[in-house]
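Open the model in your viewer and keep the selection tool ready. We will go from one chain to the place where two chains meet.

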Amino acid sequence: SVVGGCGRLPALPRQPGMAEAEAAGDSGLGPAAAQESAELAAVIGATVPTGFEQTAAEEVQEKLGSASRISKDRGKIYFEVPARSLPQVHRLRSVDNLFVVVQEFKDYQFKENKEDALKDLENLVKKLPWTDSLKVWELNNSLKKKKTKRKKHNLQSPASREKLSDGGEEGGADQNNTNDQENCAQNPMAVEPTGGQDTEKPQGATSRNGVEEEEDSEQSDVKVEVQASSESRTKAGDGQTGEGEAKVLRFRVTCNRAGDKHSFTSNEAARDFGGAVQEHFQWKADMTNFDVEVLLNIHNNEVVVGIALTEESLHRRNITHFGPTTLRSTLAYGMLRLCDPQPTDIIVDPMCGTGAIPIEGAAEWPYCYHIAGDNSPQAVKRAANNICSLLRKNESKDSSTAQGVPLDILQWDICSLPLRTGSVDIVVTDMPFGKRIGSKKKNWDLYPACLMEMGRICTPGTGRAVLLTQDKKCFAKALSRVGHIWRRAQTVWVNVGGLHAAVYLLRRTWERAEERRSFW
Amino acid sequence: KLGHPSELPPEPVPDYEGDEEFLRRVHHVLLEVEVLEGALRCPDSGRRFPISRGVPNMLLTEDEP
């Protein structure tokens, strides 16, 4: 069944006794309706770092017991869960953004003529099964509100968000709004046209290419409280007051389009689809203060219509102090998973930067011991601050004594690590990319030295390394020189801030490293 | 040498894996005590590595090998 012309979701009176119901601003779902929604089978779409779809699918299987389908549209996986599992879904660590699938078309036939193709999309709106998905969206909202209440206000100004672009892909296309507001001013529909890439690229703004921009690491210790949802925009959705008059929902449409046979652009599709949505639900189009974000994902002949369940990418969750090249937590998680950490493993990140990888590691694999190090005092300071933030977050729960974290940080030289030979199980790091830090020439000398030293500290036979690098040529060359110590086991091609990079899984051979008759 | 009453023997006793009391003390020192200011000392060379705000600085100077 499809929601009819009336776009107002009924204002249900708030019921006391609903599990964890909080004071004002609750979703307005009565217990019976919530119960019913919770049992719905929701098809969830998740965006993940490209290359790590399999890893994400494994995490979903492990934590939710559901099998995933990996889409041809890279960086997306789909799985089905009962709607009541939404809290666990949000806790997945390999996922950047989530949406509920309204409908999926595996082989949609687009008309060749632009007007016809667009008209078809418009006509599609009223035929789609919106009801269940909207119920899931509503249930999801009530979860978000609870989270918001517990956490402090996020005071990110749009200006500071722009500044922080270090190339990490911000899943929320709302970043683009500030740029495109002028373009859309004339258009009364004001549906979000950006986020539509006419090339094969996961969601991300071409205008904010963080590669060029190098933050001044001295000054910009920009402190950002990244919690579940931002309060920096007033949420129109807050006002389901249940006091008679239900508010009209505000929405926007984000279209991602990839493929070379379409006769229309993503902007056009978003605009026309949005027009039909507005017509059908009588919702109000609003680019910045929206309640419902409708997703129209077109990848060749695969069309997926969804409703966003996350508003800002989950990938910044652990990092409050950014550096110029901070790695996404989801990518860090994927890398760690690749090396299959076992309890009691010693895991070292010898070039940790702001600590994205070891912090993710300590949070998710608390039965391992994590050691992080960097030679840069700024990096070490930032990493230490990020760890403190993590400790404070743990502290704020009911425990009286502060819970420690199995993670230590040191300032050291990657070529001269103060660690015993063969004592480390896993080395995992983001190797410097010539373009952002250091230079390509420096990498030429650095990479072999790193690999040797990492080989020395790593346990022969059982040890492994997972290394991310953009300088694939240099890496391959360096690797060929240390073939007696490292074997390449797997390569994952990834996209880091628009750069094509690779993650290499290496296994330590059984050959023992020479004991260094040196300072250590 | 923490200046902290951890009562650890200078060397692990034989069969230390089975000695629960010992293991508890080691666990405490390794995982529950954090040095914020102090130093690490190399047992062979005696070289001191300062610890500041919980972070040891293990960088060697130019003239050290």
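A residue counts as buried when its relative accessible area is under 20%. Keep that cut-off in mind, and remember that this model is predicted.

Stop 1: Select chain B. Of its 65 residues, 18% are buried by that cut-off.

**Stop 2: the fold of chain B.** Switch to a cartoon view. Trace chain B from the N terminus: the order of elements is α-β-β-β. Next, consider contacts in chain B between residues at least 6 apart in sequence. Of these, 9% join residues at least 24 apart.

**Stop 3: where chain B meets chain A.** Show both chains. How many residues does each chain bring to the contact? Chain B brings 15 residues and chain A brings 14 residues. The size of an interface is often given as the accessible area lost when the parts come together. Here chains B and A bury about 1200 Å² between them, with 72% of it on carbon and sulfur atoms.

Stop 4: Select B:Val55, B:Met58 and B:Leu59. Together they supply 42% of the area that chain B buries against chain A, more than any other three residues. Then colour the whole side of chain B that touches chain A by residue type. Eight residues are nonpolar, three are polar and four are charged.

**Stop 5: links across the interface.** Search between chain B and chain A for salt bridges: the rule finds zero. Polar contacts do turn up, in two residue pairs.

Conventions
Residues numbered from 1 in each chain as written. Chains lettered and ligands numbered in written order. Predicted model: local features only at pLDDT ≥ 70, side-chain atom pairs only at ≥ 80, totals over all residues. Heavy atoms only, no water. Contact = heavy atoms within 4.5 Å. Buried area = accessible area lost by both parts, 1.4 Å probe. Salt bridge = Lys/Arg side-chain N within 4 Å of Asp/Glu carboxyl O. Polar contact = N/O pair within 3.5 Å; in protein donor to acceptor, adjacent residues only side chain to side chain. Nonpolar A, V, L, I, M, F, W, Y, C, P; charged D, E, K, R; others polar. Helix = DSSP H or I, 4+ residues; strand = E, 2+ residues; numbered from the N terminus. Buried < 20%, exposed > 50% of the residue type's maximum accessible area, 1.4 Å probe, protein only.
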